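Subject: Structure for you to look at

Hello,

Here is the structure I promised to pass on. My notes follow below it.

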Amino acid sequence: MRTVGRAAISAAVVVTAAALATGCGGSVTNSGGGDAKKLVLIPGVANEPFYISMQCGAQNEARALGYTLDTQAPTQFDASLQTPIVTGVIANKPGAILIAPTHAQAMASPIKQAKDAGIKVIEVDTALDDTSIALSSIASDNVKGGQLAAQTLATLVGDKGSVLVINTKAGTSTTDQRAQGFESELKSHAGMTSLGVQYNNNEAATAASIVTATLAAHPDLAGIFATNLSSAEGAATGLRNAGKLGQVKVVGFDASPKQVQDLKDGTVQALIAQNPSDIGKQGVDQAAAALEGKPVTRNIQTTMIALTQATMATNDQYFYKSKC
Ligand code: T6T
């Protein structure tokens, strides 16, 4: 095992793109009788800038390497909606799937069925607990991202006061790791107290309500770590509604257009931006390697950066896209 350290169809699905292959010759039949030149990207949820950016990177790379890439995403970040997509994709027998599992355990069975059908499985962003199913996993170092968020928030609040973690859904590998990294780093900051983790079910409106309720119980709240896009967008709304903008410091993961605007406005103080386009690109590279019998790298870490008002102007390549 080698690690490379560097820097939505039925009621529930949206087909967001089918990039046609250029160049390379006709279809190649895989062992299951399908099309080995066909890749399918199954993101966690449709119409969300993190996954749109991932799709852009994957589409470009697939085109460059002579593969087709279809994207099929659930309308909500939910295993019960992602499972039927996987099942439907298996029936079409693509060469490989690039998937962001919406639950570390609940998605194991459908994804294993894909593997058992002879489809190469590549994890992009999130991962299953069972590491025997995917051939390769491409993601940020999410524990480190959580630690970085804690260090950044500590500086912003003067290393003292109570802080809240807003997470998405329990069982999401990435955001659970970010919360763990945050909590473990907090142990080195004696003046800071964690109010624990609350879950927003990946809904920004729920994150906003969590902030309102927390402020009612803890008017002296110093800071918030929002573990992803929905948590951070909602936290900003909650603080705005409560009239506490700037007084409660926010470090959020991700860099959607709204998050970038919130940073510019000073509504949030820092964003840990990932590199979803590179996750998509490298996912395609690993899928192609697996299909072409070349060596595959089991774990690949992609870059992250802490964006502040001071650094955002020179790092706009890290801003997520709403379209390719
Ligand atoms: O933060 C990203 C992704 O890394 C995470 O796994 C789920 O949430 C996002 O898609 C942002 O909404």
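Please keep in mind that this is a predicted model.

Start with Lys93. Lys93 sits in the loop between helix 2 (79-92) and strand 5 (94-99). Its phi is near 50°, a positive value in a residue other than glycine. Lys93 is partly exposed, with a relative accessible area of 31%.

Asp254 also deserves a look. Asp254 is not a glycine, but has a positive phi of about 85°. The loop that holds Asp254 runs between strand 11 (249-253) and helix 8 (257-265). Is Asp254 buried or exposed? Asp254 is buried, because its relative accessible area of 4% falls under the 20% cut-off.

Now the chain as a whole. The protein chain has 9 helices and 14 strands. There are 324 residues, and 55% of them count as buried. The accessible surface comes to about 12,700 Å², with 52% of that belonging to carbon and sulfur atoms.

The largest pocket has a volume of about 330 Å³. Its lining is made up of 21 residues, and Ala127, Ser137, Ala139, Gln177 and Asn299 lie nearest the centre. Strand 7 (136-140), helix 4 (142-156), helix 5 (173-186) and strand 13 (299-302) are the elements that give two or more residues to this lining. By class, the lining of the largest pocket has 6 nonpolar, 11 polar and 4 charged residues.

Where does the largest pocket lie relative to domain 1 (9-138 + 277-301) and domain 2 (142-273)? Both domains give residues to the lining, so the largest pocket lies between them.

The second largest pocket holds about 280 Å³ of space. It is lined by 17 residues, of which Val45, Glu48, Asn202, Glu203 and Ser230 are the closest to its centre. Helix 7 (229-242) and helix 8 each supply at least two lining residues. Helix 7 gives the largest share, 3 residues. By class, the lining of the second largest pocket has 6 nonpolar, 5 polar and 6 charged residues. Domain 1 and domain 2 each provide at least three residues of this lining.

Leu291 lies in helix 9 (residues 276-291). Leu291 is partly exposed, at a relative accessible area of 23%. Leaving aside neighbours within four places in sequence, Leu291 is in contact with Ala36, Leu39, Tyr67, Gly95, Ala96 and Lys120. Leu291 and Ile119 are 172 residues apart in sequence, with 9.3 Å between their C-alpha atoms.

Best wishes

Terms used: Residues are numbered from 1 along each chain as its sequence is written. This is a predicted model: local features need pLDDT of at least 70, side-chain atom pairs count only at pLDDT 80 or more; totals for chains, interfaces and linings use all residues. Side-chain values use heavy atoms; hydrogens and water are left out. Helices (H or I, at least four residues) and strands (E, at least two) are DSSP runs, numbered from the N terminus. Buried means under 20% relative accessible area, exposed over 50%, partly exposed in between (1.4 Å probe, protein chains only). Contact means heavy atoms within 4.5 Å. Accessible areas come from the Shrake-Rupley method with a 1.4 Å probe; for residues, only the protein chains shown count as cover. On a 1 Å grid over the protein atoms alone, a cavity is a set of points where a 1.4 Å probe fits but cannot get out, and a pocket is an open set with protein on both sides within 12 Å along at least five of seven lines; lining residues have an atom within 4 Å of a point. Grid points are joined across faces, edges and corners, and a volume is the space filled by probe spheres set on the points. Ala, Val, Leu, Ile, Met, Phe, Trp, Tyr, Cys and Pro count as nonpolar, Asp, Glu, Lys and Arg as charged, and the others, Gly among them, as polar. Domain bounds come from an automatic or database domain assignment.
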